[in-house]
Every structure is written in C-alpha cells, then in structure tokens.
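I opened this entry to keep track of what I looked up in the structure. The notes follow the order in which I went through it.

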Amino acid sequence: MHADPKGVLTGVHFLDGDHACCEGALAAGARFAAGYPITPSTEVVERFAMRVPTVGGVFIQMEDELAASIAIQGAVWGGAKAFTVTSGPGFSLMMEHIGYAAMTETPCVFVDVQRGGPSTGLPTLPAQADMMQCRWGSHGDYEVIAVCPNSPQEAFDLTIQAFNFSEQYRVPVFVMLDECVGHMTEKVIIPEADQIDVYPRRKTTAKQGEYLPYKSNGDGVPDIAHAGEGHRFHMTGLTHDERGYPAMTVKVQDKLVRRLQTKITNAIEKITLFEAADLDGADAVVLSYGITSRVAQRAIELAHAKGLKVGKFRLITAWPFPDYKIQEIARTAKAIIVPELNLGQMSREVQRAANGACKVVPVPHAGGGVHNPEDILKAIEEAIR
Amino acid sequence: MSAPAAVEVKAPINPVEPFLRMDRMPHIWCPGCGIGTTVNCFTRALIESKVDLKNLALVSGIGCTGRVAGYVKLDSFHTTHGRAIPFATGMKLANPKLNVVVYAGDGDLFAIGGNHLIHAARRNVDIKVICVNNLIYAMTGGQTAPTTPANVITATAPYGSFDPAFNLPALVEAAGAVYVARWTTFHVRQIARSMQEMFAKKGFGFIEILSPCPTLYQRRNKLGDGLDTMKYYKEKSKIKNGAPTSECALAKQGEIIVGKFVDREKPDYIELMRQHLANACPQFIDWYQVEEQRAEEAQDGGCCTQ
C-alpha cells in the first residue's frame, strides 16, 4: 500500500540525516515515538515532537532508554507503528528489549546514531562501533535486520525501508546512522505519498477463538493481532508455543528459536541491499558502509587514477550479513579492503564469509573522525602489490 | 427396593472460570500463596464492574505475580522485569479505549521498575496498578526486596535484613497517583470493591495487596504457614480509610494500616496532552479523534480510506 499523505512532507528539502530519518519514520506511518535525550541522536525525536501533533500521533519523552524501548512495543501491540532513537550508552540500555522484540516478534524500529565509545566515549563525534552490538547485543539466538544510510537522503529512504522490513518479517530493525550522517545537511527529496510503498501490518484474519499468535503464516512469520480486537491472546518473552503459551521444553525452544532465525536467513536474498561497481576483473574490492563508504569512494577514485583495478561494494543492509555476495567477490578478487570506524567488526564477518578465498584487509579507525582516504588507498596498494 | 434413578448433577460453573485460561491450569503458585486470591478478587471486580473484557488488557512484569498475565483470559502481556508500566504506557497512549491493568509484584514494581512507577504516577497515565506485595523476591528463591522489613531472614540476608524498606502508599502518593489503597489477602471483599472503585476512576491508580509467601518468607522466618499469616492479617490489620500514608509503614509482624488512602481528581496524561496541544499547536490534529472516527466508520460499514 501507499504512504498516508498526512505524514509525507513532499518536496525538496535541505535536511540533516537525523531530521531526514524522522521524516522517513513519519512517511512510513510511524505515529508513536518514545525517546530519551542523547547526543547525537536527539534531533530525530525533537523533530518528531514538533511534527507529530500536526500529523496525528504521540511523542512521549520517557524516563530512560529502558522505558523508551519497551513503551514503543506496548504501542505496537496497542495498534501503532512505533520507533525509538538513541546513541551509544542509551543503545546499551536497550539491549534487553531488543531481545524482547525479537522473541515476541514485535515489529518496531530502533535508530542508533553511532558515536565513539566505549562508555560515554565521544558524545559528539562519529563511530561505527555498535555494528556487532546491534547484531548480538541481547542474550540468546535471534536474527535482526540493520540498514546503514550514508546520506540524509538515504536516512529518509532507509528509515521507510526499515519500517517495511519490520512489518514484513516482524523483527526489530535497526537504522545504523553515525554522527556524521546524522549531522550532515544535504538535499533530501521526499516524493509524493503515492510514490512511497508502505508494507502493511500483517493482521490476522483468524476468527475469534481460532487465532494462534505464533503460528507461521507460510513464510515463518506469524500474523499479528492488537489488544482490544477480541482475540484475548497471550504474549510472553518466555519460550512459547504457537498459542503464545509458555512451554519450556527443548522441543518448543528448538522450534521457536530456529523459526526466529530462518524467517530471516531464508529471505536473505530478498532482504540484502547493496551498491556495487567495477567488481568484474577487480584486483581489490573496497567494502564499506555508512559514512565510511563516502571516504572509501574517494580512495577508489584515487586508485582508479593510478590505473588500479579496484571495485566497490557498499553494504546498505549490514544484517543479515550477505555471505553469498562476499563469497562471489572472494572468488575473483585478490583482496577485500574493509575500512570502518571501529577496530574490526564487519571486517571479521567479511573474513568469515570469504573463508580464505581471498585476502581480507581491515582498515580500522577508533572513531572520532573519518578515515583519511590516503590510508585506504595505501591499504589497497599494499594488498594488490 | 429399586435403585434410585440416575440424576445428572450439574456442577455450577465457577463464575471465575470464564476469566481464566483453564487450559493452563494447574498454576505454578505454592499452597498458601496469596496471588491466586488476588486474581479471584480481580475477576470478582470485573464481574461486578461489568468492564468490557474486549477492551481490557493486562500487563505483567516478571516474578510470581508476573505469571498472572499467563492465566487470565484477556489480551495479556508478560513483559520484561520491571517494565510492565512503560509497556502499558505505550499501549494506553496508542489506544486510549483500552483499559490497561498492570499486575506485578513488589520487587518488579519498586526495585527494578521503581523509576517507571514514579514517572507514570507523575504523568498520571490512566493505568491501574495492582501490586501483590509478599515482602520478598519469591520466584528467585526469597531474596531481600525493597519492601522487606528489618530483621527478616532472606536468602541474601542470612543474618537478617537491615536495608530500610519503602512505604509503598506514601511513595506512590508523593509521585502523584490519584487513587491509593492497601489491603491484605484476608480482605477479599474489600480488595474487589477497591479494584472496582479504581477501575472506575481515570488516572494512575494503585492498590497494594499484602500476600503471604509461606514457602520463602514465612517458613524461613518461622512464621508458620498461609493460614497463620491470615490470622496475623486478621489480628493486626486496622482499617483506616484516609490515613496519612506517612503513617502506613510496615514492620515485621507489626500493625498493618489498610484502607483507601488517596482518592483525588487530576487530569490524566492524555487529557493534558490533548488540551495543551489543542491550544499550543496551531495545526494540531487530534489523533485520537481521527482514530475514533475511523473506527466508527468501519463499524458502520461506511466507506473506509484503505
């Protein structure tokens, strides 16, 4: 279906990534946000607090991130599309509720505008060091989806995509911004509402008394009911059967946790988004994401100017990790160069997926700024020498 | 003599049964535990107050009382430890037609969830909190809670507790609740009546119900069983409606002041939000009104926008 025009600020705008993300959420139909102030993410909810009364919806500033990350889930089961926004320390506080959203299959979106860590770290400066935390931060086995915008335009587009993924697969979805993209101001084009696809909530059509809240509807994903619709269903973070009843046995655990995994892994090729260029015949491929992809672009251009055969692969979705694309690249390239604003997170995934078929060269940066393109170029040159 | 004719005896249906997930019985609560008693009172209150069950949602946290959500035949949500209140807040704000009840224990509401409780009371969110206070963490084996009185032996206070305890009614009143009452599981009729009164009231309501934990609190402190605790409740409870909550602190086996302590009028959070934004935001669109109209149109079979 198309976006509700009330939430779509059609036009050409000059927005930073945080504000564009907020507009993406409104366009996607989010009418509820709960947040707790934290730099450099607060602008997203500041804008939402200003905009949503004119669109129809609710913003509530909660007492902490634990509250914000569960209030949105209450709102979802009450019938709204909902999201929360945070950064570093606040993201750490939200981990339990990411697991809860995964376990209860609550469609919701978490925006993390990444800053330097650990702990309070660098509140106003960028990093990409929460990539593993968004994948593995809560205890237990589960899958998530994460998108990595590299511009304010993508902050808008991919926030809509994040909501659509969350509704389609009933998982928590992460918009992994960073301080640079969050605070970078660029042109953002917001299309007409009828040009924006919105994935509708998968509402059950079961009759009252026949609804099984956790029975897969074909693709591993169950259909949802809201409170107040007469189904009188139960939902729990405990291991549960198709009725949603607690059932703490090895068999039920196995069936449930495997379904939570395979509903995503079976759809990996449908979910994976990437941007690739010059892969054919490339000696080296630079794999990057988020703000670092824009620095990597400069390094790739410098390499091309030197006559080097260098390809580009940009992760737009970071999770689920596209092993199959990495394997394709590793079969032909000599090396994959992985610059990122951390000391080695997605580069380990690349190493794992490449599995020795080619060299994987991390170009780590501890955060607080972006790479010097020359450092990436140097890594390219050394790798294919 | 002829054999008596077979008479089919129809057992009367327990009026509570339609409110329970009978397919989940037996429950996990111990003999002598008071949680089941409170659920009985809760269902009596629902019957008496004729609440629309379709629009009633029950939210629990974690712990023995947290399991209530799994046994009531309502839209019921078993959330994370301490976070039932913010979950309920989100749900109420997303759909104000829902009557949202939070059913949780003292550890869940006042230790790990204490921050949420005081803020929901401050905002006067229209949710109703039923707190079963057994003075201990029961599910995890009887550790000290923020409600454990002094000189009580617990699993984590083997020499007796010395942490000062919260006085729950005083705390909740200070935070802003519009309705505050306390009873014990001896006071079954009063609990049901108090719940009815609270459900009829708009805003943040709170009922504390003292309940025995014979397995972990009474046994470890050589205070007998569930029945002995009922005798204690009967002998030491004093009904004092309107008592200043500052005088309602509990001590080990001491006097228990019960009754309705607070019943006041204040605009609830949604009312505050709607009134304020209608005045302060020139392009304000009242989402709740829009959603209500949409729901009415859908019910009338009128045209719908989708």
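**A bridge in chain B**

I looked up Val129(B) and found that its bridge partner in S6(B) is Phe206(B). The strands concerned are S4 (residues 127-133) and S6 (residues 205-210) of chain B, which run parallel and are joined by six bridges. Strands here are DSSP runs of E with at least two residues, helices are runs of H or I with at least four residues, and both are numbered from the N terminus. I count two strands as paired if DSSP finds at least two bridges between them. Strands of a sheet pair through backbone hydrogen bonds, either parallel or antiparallel.

I note that this is a predicted model, in which local features need pLDDT of at least 70, side-chain atom pairs count only at pLDDT 80 or more, and totals for chains, interfaces and linings use all residues. Residues are numbered from 1 along each chain as its sequence is written, while chains are lettered from A and ligands numbered from 1 in the order in which they are written.

**The sheet across both chains**

I then followed the sheet that holds these strands. It is open, with nine strands in the order S10(A)-S2(B)-S1(B)-S3(B)-S4(B)-S6(B)-S5(B)-S8(B)-S7(B) and mixed pairing. S10 of chain A and strand S7 (237-239) of chain B are the edge strands, each pairing on one side only. On average, neighbouring strands are turned by 20° against each other, direction ignored; axes are lines fitted to C-alpha atoms, for helices over the stretch in contact, and angles run from 0 to 180 degrees between N-to-C directions.

Where do the chains meet in this sheet? S10(A) pairs in the parallel sense with strand S2 (residues 75-78) of chain B, over three bridges. Thr236(A) has His78(B) as its bridge partner in S2(B).

**The contact between the chains**

I counted the residues in contact (C-beta atoms, placed from the backbone, within 7 Å). Chain A gives 40 residues and chain B gives 36 residues. On the side of chain A, H3(A) gives the most, with 10 residues. I sorted that side by class and got 22 nonpolar, 13 polar and five charged residues. Nonpolar covers Ala, Val, Leu, Ile, Met, Phe, Trp, Tyr, Cys and Pro, charged covers Asp, Glu, Lys and Arg, and the others, Gly among them, are polar.

**Chain A**

I found 14 helices and 16 strands in chain A. The radius of gyration of chain A is 21 Å, close to the 21 Å that the globule rule gives for 385 residues, so chain A is as compact as a globular protein of that length. The radius is taken over C-alpha atoms, and the rule is 2.2 Å times the number of residues to the power 0.38. Along the principal axes, the C-alpha atoms of chain A fill a box of roughly 70 × 50 × 40 Å.

I also looked at an open sheet of five strands in chain A, ordered S11-S13-S12-S15-S16 with mixed pairing. Strand S11 (274-277) and strand S16 (359-364) stand at its edges with a single partner strand each, so one side of each is left without a neighbour in the sheet. Strand S12 (residues 284-288) and strand S15 (residues 335-340) of chain A pair in the parallel sense over three bridges. In S15(A), Ala335(A) is the bridge partner of Ala284(A). Helix H14 (residues 373-384) of chain A packs on this sheet, and its direction makes about 160° with that of S15(A).

Terms used
Two residues are in contact if their C-beta atoms, placed from the backbone, lie within 7 Å.
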